[in-house]
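Here are my notes on the model, as numbered points. Please read them with the structure open beside you.

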Amino acid sequence: MRKIVLACFMLIIAASCISTRNTIKNIDNNANMPALSKERTFIITEISNSDKYGYDPDYPVNLGFLSLKSSEVNVDRYFGALTGPQGQKLIYNKIESCCPFPSKRNDMGAGILDIYEVKWEGLKEPKRIHINLYEKGEILAPLGFGIKKIE
């Protein structure tokens, strides 16, 4: 009984927070999942020229190529393909979730963004990258990051 009450409560809260329109501007349902390297990370070939990509909740990194239950692996694949601007190794961790939006890829009809704090040696202030595990989009490195060399 407590589980039913809790589920209803969560549904009401989620529904009250969801905008009636989707503000995410870089969703591309026709985007292809990037190829995987031997290390099982994404092969990323381009750095975004936009200072909004990944940094702005309206332009998150859209990694929703797998079912939500297994999509967390794409976070590791994504950050595993990136470096600092001089090839520095990244340290990343999820710090919060935010920004509910309507999504057909979730039974509740809504998705949320996860915010990751990213650091590397020599970086003065950590970067905050918005990740969307519900929708698809072109996978790029955010401005200010580097791309791991494929061996």
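1. Cys99 is partly exposed, since its relative accessible area is 29%, a value between the 20% limit for buried and the 50% limit for exposed. Cys98 is buried, because its relative accessible area is 18%, and buried means under 20%. The coordinates behind these values come from a predicted model.

2. What joins Cys98 to Cys99? A disulfide joins the two residues, with a distance of 2.2 Å from S to S. A disulfide is a covalent bond between the sulfur atoms of two cysteines. The torsion about the S-S bond is -75°, and the link of Cys98 and Cys99 is left-handed. A search of the whole structure for such links finds 1 disulfide.

3. The protein as a whole contains 2 helices and 6 strands. Along the sequence these elements follow the pattern α-β-α-β-β-β-β-β. Of the 151 residues in the protein, 36% are buried. The accessible surface is about 9,400 Å², and carbon and sulfur atoms account for 54% of that surface.

4. Contacts can also be sorted by how far apart the residues are in sequence. Among contacts between residues at least 6 apart in sequence, 69% join residues at least 24 apart.

5. In which order do the strands of the open sheet lie? The order is 1-5-4-3, with 4 strands taking part and mixed pairing. Strand 1, residues 61–62, and strand 3, residues 91–102, are the edge strands, and each of them pairs on one side only.

6. Strand 5 can be followed through its pairings with two other strands. Strand 4, residues 110–119, pairs with strand 5, residues 127–132, in the antiparallel sense, and the pairing has 6 bridges. Within it, Ile115 stands opposite His130 of strand 5, and Leu113 stands opposite Asn132 of strand 5. Strand 1 and strand 5, by contrast, run parallel and are joined by 2 bridges. Here Asn62 has Asn132 in strand 5 as its bridge partner.

7. Helix 2, residues 72–80, lies across strand 1, strand 3, strand 4 and strand 5. Relative to strand 4, the helix runs at about 35°. Which residues of helix 2 are buried? They are Asn74, Val75, Arg77, Tyr78, Phe79 and Gly80. These buried residues pack against strand 1, strand 2 (82–83), strand 3, strand 4 and strand 5.

8. A search for aromatic pairs gives a count of 6. Tyr78 is buried because its relative accessible area is 0%, and Phe79 is buried because its relative accessible area is 2%.

9. Phe79 also pairs with Tyr116. This pair is tilted, with 5.5 Å centre to centre and 50° between the planes. Because Phe79 lies in helix 2 and Tyr116 lies in strand 4, the pair ties together parts that are 37 residues apart in sequence. Phe79 and Tyr116 are both buried. Ring pairs link Tyr78, Phe79, Tyr92 and Tyr116 into a cluster.

10. Is Asp51 buried or exposed? Asp51 is exposed, because its relative accessible area is 56%, and exposed means over 50%. Asp51 sits in the loop between helix 1 (2–17) and strand 1. The C-alpha atom of Asp51 is separated by 7.5 Å from that of Pro142, although the two residues are 91 residues apart along the chain.

Technical notes: Residues are numbered from 1 along each chain as its sequence is written. This is a predicted model: local features need pLDDT of at least 70, side-chain atom pairs count only at pLDDT 80 or more; totals for chains, interfaces and linings use all residues. Side-chain values use heavy atoms; hydrogens and water are left out. Two strands pair if DSSP finds at least two bridges between them. Contact means heavy atoms within 4.5 Å. Axes are lines fitted to C-alpha atoms, for helices over the stretch in contact, and angles run from 0 to 180 degrees between N-to-C directions. Buried means under 20% relative accessible area, exposed over 50%, partly exposed in between (1.4 Å probe, protein chains only). A disulfide is a pair of cysteine sulfur atoms within 2.5 Å. Rings of Phe, Tyr and Trp (its six-membered ring) pair if their centres lie within 6.5 Å; planes under 30 degrees apart count as stacked, over 60 as edge-to-face and the rest as tilted. Accessible areas come from the Shrake-Rupley method with a 1.4 Å probe; for residues, only the protein chains shown count as cover.
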